[in-house]
Amino acid sequence: MNTGPILQAQDLVKRFRELTAVNGVSFAVDRGESFGFLGPNGAGKTSTMRMISAVSQPTSGSLTILGLDPRTHGPEIRGRLGVVPQEDTLELELTVRQNLEMFARYFDIPRAVLRERATELLEFTQLTERGNDKVDDLSGGMKRRLTIARALMNRPELLILDEPTTGLDPQARHLLWERLYRLKREGVTLIITTHYMDEAEQLCDRLVVMDHGAIVAEGPPRDLIARHSTREVVELRFGLDSHEELHGRLAPFAQRIEALPDRFLLYVDGGDDTLKELHAAGIVPTSALVRRSSLEDVFLRLTGRTLVD
Amino acid sequence: MADVLNTSTSWPRWQRSWWYHARYYVRTWRGSVASTVLFPIFYLSALGVGVGHLVSAHTGLVQGQTYLHFIAPTLLATTAMQLGEGESLWPVLAAVKWIRSYHAAASTPLEPEDILIGKLAWVATRAVATGAVYTAVIGAFGALQSWWCLTLPLLAGLIALAFAAPLVAYAARSQSDGSFIVIYRFGLVPMFLFSATFYPVSAYPGYLRPVVQFVPLYHGVALARAAAFGQGSLGAIAFHLAFLVMMVAAGLLWGRRAMRRRLVD
């Protein structure tokens, strides 16, 4: 039973009247893996999440979750999943603890067990002191952690997180990432959607890049970068010079150039060497930055667009 | 890591949704128990005793009843309608759109039907409990004249459901609450006033009397009087009951579609 992928999708399609939100995606996730969906808003990530949460049915294609067919075993599958939706769907009028305990009853968890688990998970999400406070009074980061605690009340085998850190400040994000790491270490399979490349790099063993409802690339973050980008990127900003003319002059110095509205990205293997060569050629930018390639560059390469517009 | 909790109680899944709604109510109600007892006392004192005094001075008995007794059972019907409406419009829109607590519930083993039935079961529970209190108050005013009055709490449940079932469906497919106030002002308030609540249907001109037959609350009002006074023909009672049951059934079918479309499409 524990062999084979925990999640397998073949040619999944989701259509809403004229709109095709997901257009034939295939992937497989193994137990204990942490798997990401990276893509801009509107790429079809949330529709995919809703299907693999056994909430909405695919228009076509095949889907197996925990070895079961969601068409026939929806309630059973959902009983073994944890879902952290994009927006916190917490009861604002109830206390932190009440939110956990009341939600857990949906899973038919006995009262004594859910009380103990709520205590445990409040500790885990560092909300113990806020247990008796109304949810309305919590910060955004705390609400997010509570939503995660709630999703863990049924001890899920698979935790599905849709944009877990969108809208959080950096400190709250890092705390959340750290907690997700721990879950991963405990063997929980994580599925994460994000439009933050740093989040995807931090959390995902493997990911797919989605655009316009389709998967455009798949692999571990490092592999994707190695496959679709160069080792380093030189970011150049110029004053008021004509960008078109500059494009031609820069071209010989890089394997590939992306011209963004405010800067050029030069894809090279050695950024410092490229800068020296540019100086020698008399090309002087107002600012220059050498950095390692990231998933953002992969996305730009594959789709011609940036992730966060 | 995983422990699939197979406590497999024989309870159906919708009972978990019922329980959730009940707990939510218990944890957030504010003074509604006191008002459940006080409101009917105030109402029957003002209209039944006060206005009733004028009516009996001018026209004497209404259909063989004092005015107080004539209007007392209808209070149970109108209250049940209001309860059904109050539980259905804004709270349901909040649950599918603002707070999205029904979306959260739909990510658990519950199906949209479980959420819907649990909700309506809770509305019925509240209405039956409120109906029991109202029956006691109406009885204290001396308006109960038959053992059939013991069915009044159940009737309150049926009336509340007859309104809640279609209104839950309506709210579940709404995008905003803009139309809710219209339903309230131009649907529920006129029904409260014109369902033969305060005077018999015979007070209407002949051509209007058949129209009243199509006003949903009228059937609840007629049944409330029938139960309180132990009168009315079997055929008429069956017709009134059938009308309300049809509203529940239509509301359920519509609600099932609305909830599915909203939560799992």
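Modeller: Chain A has eleven helices and 13 strands; helices (H or I, at least four residues) and strands (E, at least two) are DSSP runs, numbered from the N terminus. This is a predicted model, in which local features need pLDDT of at least 70 and side-chain atom pairs count only at pLDDT 80 or more, while totals for chains, interfaces and linings use all residues. Residues are numbered from 1 along each chain as its sequence is written, and chains are lettered from A and ligands numbered from 1 in the order in which they are written.

Colleague: What makes Trp147(B) count as exposed?

Modeller: A residue is buried if 20 or more other C-beta atoms lie within 10 Å of its own, exposed if 12 or fewer, and partly exposed in between, with C-beta atoms placed from the backbone. Trp147(B) has 9 C-beta neighbours inside 10 Å and therefore counts as exposed. Trp147(B) is found in the loop between α5 (112-140) and α6 of chain B.

Colleague: Why is Arg100(B) called partly exposed?

Modeller: Arg100(B) has 18 C-beta neighbours inside 10 Å, so it counts as partly exposed. Its place is in the loop between α3 (67-98) and α4 of chain B. Phi of Arg100(B) is near 65°, a positive value in a residue other than glycine. Most residues other than glycine have a negative phi.

Colleague: And what makes Ala196(B) count as partly exposed?

Modeller: Ala196(B) counts as partly exposed because 19 C-beta neighbours lie inside 10 Å. This residue lies in the loop between α7 (180-194) and α8 (209-212) of chain B, and its phi, near 60°, is likewise positive.

Colleague: What is meant by the largest nonpolar core, and which residues have the most contacts inside it?

Modeller: A nonpolar core is a set of buried Ala, Val, Leu, Ile, Met, Phe, Trp, Tyr and Cys residues joined through C-beta atoms within 7 Å. The largest has 148 residues, and those with the most contacts inside it are Ile160(A), Ile159(B), Ala160(B), Leu161(B) and Val168(B). Helix α6 (residues 152-172) of chain B gives the most to this core, with 17 residues. Apart from it lies another core, of twelve residues, among them Leu236(A) and Val268(A).

Colleague: Which residues does Ile160(A) touch?

Modeller: Two residues are in contact if their C-beta atoms, placed from the backbone, lie within 7 Å. Not counting residues up to four places away in sequence, Ile160(A) touches several residues, including Met49(A), Leu81(A) and Ile191(A).

Colleague: How many residues of chain B are in contact with chain A?

Modeller: On the side of chain B, 28 residues are in contact with 30 residues of chain A. The largest share of that side, six residues, comes from α1(B).
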